[in-house]
Amino acid sequence: MNIWGHFSTITRHKIKVGQLCFKVGLYKQGLLHDLSKYAPVEFMTGVKYYKGTYSPNAAERQEKGYSLAWLHHKGRNMHHWEFWVDFTHQGPKGAKMPYRYLLEMFCDRVAASMIYQGKKYTDKYPLIYYQDHQAYMIMNPESQALLEYLLTYLSDHGLEETIALIRSKHGYEDYPIESEARK
C-alpha cells in the first residue's frame, strides 16, 4: 500500500490539469477536476494498486476483470468520453460532448501523459496514447474528430501553440474548429 505515492500522483495530476484548464479559460473545471478521486471507493483502489507509472484502475481491472473505482469515476466526471455513451436499440452510441468537457478531456490527457511519462514526455505522446486506445472508444464522430485534431495539433505544433489556438476559438459550444478538424 502506498498512500503517499497515490495521493501525490493524483494531486500532481489534478494541479497540472487545473493549470492547463486555466490556460484555456476553464476556471471552474480547473478547480473541480477529478475531485471524485479523493472519494473512498476511488482513493483506496488507488492506494491498493498504486504503481506510479499507470492508472491503478487498470491494475484493478486486470485483477478483477472490472474496476469499481473507474465505474465510479467515469460516472461522475463529464470530461470522460465514457460518461457520454448511451445505450440505444441500435447499441451503444456516443453523444456529442459539450465543448468545455471536450477541452477538459484534452487537458486531462495531456496532464496524465506528463505525470505518467515524467521526463520522457513529449507533446507527441498524448496522440500516440490516443491512437493506441481509440479502437475501443465509442465517441460521437464530431467529438472524436475535434479531439483528434487537437491532439494532432499538439503533436505538430506544441502545447503553447495549441493553447493559443484553443484560446482564440474558446467559448463556442458548436465546436468552432470542427471544420478545421475535418480537413
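Let's start with H79. In this predicted model, H79 has a relative accessibility of 1%, so it counts as buried. The cut-off for buried is under 20%. Where does H79 lie? It lies in a loop, the one between helix 5, residues 68-74, and strand 1, residues 85-88.

Now its surroundings. Set aside the neighbours within four places in sequence. H79 is then in contact with H33, D34, H73, M97, Y101, E104, M105 and D108. One of these, D34, also makes a polar contact with H79, side chain to side chain, at 3.4 Å.

Next, A95. This one sits in the loop between strand 2, residues 91-94, and helix 6, residues 99-117. Beyond its neighbours within four places in sequence, A95 is in contact with W84, N140 and S143. How far is A95 from H33? In sequence, 62 residues; in space, 21 Å, C-alpha to C-alpha.

On to helix packing. Two packed helices are described by the angle between their axes and the distance between the axes.

Take helix 1, residues 3-24, and helix 9, residues 159-169. Their axes are 8 Å apart, and the packing angle is about 50°. The two helices are therefore oblique to each other. Who meets whom? From helix 1 we have L20, F22, K23 and V24; from helix 9, L159, E160, I163, I166 and R167. By class, that contact has 6 nonpolar residues, 3 charged and no polar.

Stay with helix 9. Which of its residues are buried? L159, T162, I163, L165 and I166. They span an arc of only 155° around the axis, and therefore sit on the same side of helix 9. The general rule behind such a pattern: an α-helix has 3.6 residues a turn, so residues three or four places apart point the same way. Turn to the face of helix 9 away from its buried side. There you find the exposed residues E160 and S168.

Last pair: helix 3, residues 40-49, and helix 4, residues 56-64. Their axes come within 8 Å and cross at roughly 80°. So helix 3 is roughly perpendicular to helix 4. Helix 3 brings T45, G46, K48 and Y49 to the contact; helix 4 brings P56, N57, A59, E60, E63 and K64.

Key:
Residues are numbered from 1 along each chain as its sequence is written. This is a predicted model: local features need pLDDT of at least 70, side-chain atom pairs count only at pLDDT 80 or more; totals for chains, interfaces and linings use all residues. Side-chain values use heavy atoms; hydrogens and water are left out. Axes are lines fitted to C-alpha atoms, for helices over the stretch in contact, and angles run from 0 to 180 degrees between N-to-C directions. Helices (H or I, at least four residues) and strands (E, at least two) are DSSP runs, numbered from the N terminus. Angles under 35 degrees count as roughly parallel, over 145 as roughly antiparallel, 65 to 115 as roughly perpendicular and the rest as oblique. Contact means heavy atoms within 4.5 Å. Ala, Val, Leu, Ile, Met, Phe, Trp, Tyr, Cys and Pro count as nonpolar, Asp, Glu, Lys and Arg as charged, and the others, Gly among them, as polar. Buried means under 20% relative accessible area, exposed over 50%, partly exposed in between (1.4 Å probe, protein chains only). The arc is that of the directions from the helix axis to the C-beta atoms. A polar contact is a pair of N or O atoms within 3.5 Å; within protein, one must be able to donate a hydrogen and the other to accept it, and residues adjacent in sequence count only if both atoms are side-chain atoms.
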